[in-house]
Amino acid sequence: MSLKRQARFTELFFQYLRKASKRFPQMIPSLLPMKYTLAITQQCNLACRYCYIEKNPLTMSLETAARIVGFMYRATPPRETMDIGFFGGEPLLELDLLGRIVDLVKKHDEFGSRKVLFSVVSNGTLFTEEAARKLERYGVSIGISCDGPPEIQDRSRVFPDGSGSSAQVSSSIQEALRFFPFMPVNAVYRPESLTALPKIIDYFADLGVRNLYLNPDITATWSDADALLLPEVYDRIGRRYIEFYRAGSPMHISLVDSKIVVLLRGGYEPAEKCRMGKGEFAFSPSGNIYPCERLIRSGDGGTHCLGNVHDDTPLSRRCSHDSERSGHEACASCSLFPYCMYWCGCTNFHATGDYHMPGPFLCASERAAISTAYGVLEELGKEGFAFSDHLAGTPLMSILGEIGALSAHRNAASE
């Protein structure tokens, strides 16, 4: 970022700060929730070609789940939120088990003394109205993974016989949005789908999705040529983001919104950085403990395993990752250092074999994303958009408010 652009950004920042001064006290707290991910089964009805979880017939027992619940309550500091996610395999294959584990959490003696959030990530092939009713009863929100339109989704996310899942998943997304209007959709992009990202965004917008997470396949082989494409592709994403805002129907796009937040606040706070193995744990069906769900793989207790909940000392090993010492000399001297996710341990490991060392594609992606977010801020800021929700650390609120108004309007019209 040039000195001229930095000066312009500083000017814009204080303009936003003045406009949002009433919201300023609500900025993100210094402590984020403790995050726990339970892979309740490693069985799956899909055979996705890039999945980083190895399939096997294991399913979590209630005894193991009870041990995990005890671990979570012991590991979570008093008054801190517990963010519990259900993962797989395909977790909806074990929806009733999921409900029983939620019940174990709620029956714990300390349940009433802290806030607990529940969520599940599904491949979208098993979602039904019955499943939605159960999830509502359990108090569990859902996210669906889908990579985009049929020609992209059916390239990787296939059934064991090789047939595509797109038709089923797109239908499930639309059905799920009836029950969970702000449901997040997670789209993984790979080298072959990188240039299609703007088209992918439009596809989900047409389905009614308003909360979209775009994530690169961290296990893919990204080339220098791919990295060179990023500024132009991300810029097109930024243009679509601006168009949604101007049309009065903002869409939360993680790649843009997350960077707007950190730009407005002057960088990531320490507690927002990767806390794997400290503020984040994942559990295989057998009770093996991992620092991140992206590192479970076979769940057999090998590489990355920190211990097992059935042991007297569950954490027999401590995770060596420390986000404060991630990166290298070039990172520390970079003007974008405060705004960069150089510290993501699992991404770094898959790129370089080292939790602390980022790869060249992450560097290129972060540079392009920061530049895109800056351009969005500059352009929409001139048009009077204050981004006060972003400054407060709650970028989803503006979109949630609009969805609430739309839902109220639909309900009134149907009465």
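1. Buried here means under 20% relative accessible area, exposed over 50%, and partly exposed in between, with a 1.4 Å probe and protein chains only. The model is predicted: local features need pLDDT of at least 70, side-chain atom pairs count only at pLDDT 80 or more, and totals for chains, interfaces and linings use all residues. Residues are numbered from 1 along each chain as its sequence is written, and side-chain values use heavy atoms, with hydrogens and water left out.

2. Overall make-up. The chain has 14 helices and 10 strands; helices (H or I, at least four residues) and strands (E, at least two) are DSSP runs, numbered from the N terminus. Of its 415 residues, 53% are buried. Among contacts in the chain with a separation of 6 or more, 75% join residues 24 or more positions apart, where contact means heavy atoms within 4.5 Å.

3. Helix α9. The 12 residues of α9 (residues 254–265) should span 16 Å at 1.5 Å a residue, and the end C-alpha atoms are 16 Å apart, which agrees. The expected span is 1.5 Å times one less than the number of residues. In α9, 11 of the 12 residues are buried, so the helix is largely enclosed by the rest of the structure. Those buried include Asp257, Lys259 and Arg265 as well as Leu255, Val256 and Ile260. Just after α9, Gly266 has a positive phi of about 90°.

4. Nonpolar cores. A nonpolar core is a set of buried Ala, Val, Leu, Ile, Met, Phe, Trp, Tyr and Cys residues joined through side-chain atoms within 4.5 Å. In the largest, with 108 residues, Leu38, Phe86, Ile173, Phe204 and Tyr234 touch the most other members. Helix α12 (residues 360–382) gives the most to this core, with 10 residues. A second, separate core has seven residues, among them Ala282, Tyr290, Ile296 and Cys305.

5. The cavity. On a 1 Å grid over the protein atoms alone, a cavity is a set of points where a 1.4 Å probe fits but cannot get out; a pocket is an open set with protein on both sides within 12 Å along at least five of seven lines, and lining residues have an atom within 4 Å of a point. There is one cavity of 30 Å³ or more, and the largest cavity has a volume of about 60 Å³. Helix α5 (residues 150–156) gives the most to its lining, with three residues. The lining divides into three nonpolar, two polar and four charged residues. Ala, Val, Leu, Ile, Met, Phe, Trp, Tyr, Cys and Pro count as nonpolar, Asp, Glu, Lys and Arg as charged, and the others, Gly among them, as polar.

6. The second largest pocket. Its volume is about 210 Å³. Of its 16 lining residues, Cys331, Cys334, Cys340, Cys363 and Arg367 are the closest to the centre. Helix α12 gives the most to the lining of this pocket, with six residues. That lining divides into 12 nonpolar, two polar and two charged residues.

7. Backbone points to check. The peptide bond from Gly88 to Gly89 is cis, with omega near 10°; Gly89 is in the loop between β2 (82–87) and α3 (95–107). Arg297 has a positive phi near 50° and is partly exposed, with a relative accessible area of 38%. His304 has a positive phi near 80°, but is buried, with a relative accessible area of 5%. Arg297 lies in the loop between β9 (288–290) and β10 (307–308), and His304 lies in the loop between β9 and β10.

Technical notes. Grid points are joined across faces, edges and corners, and a volume is the space filled by probe spheres set on the points.
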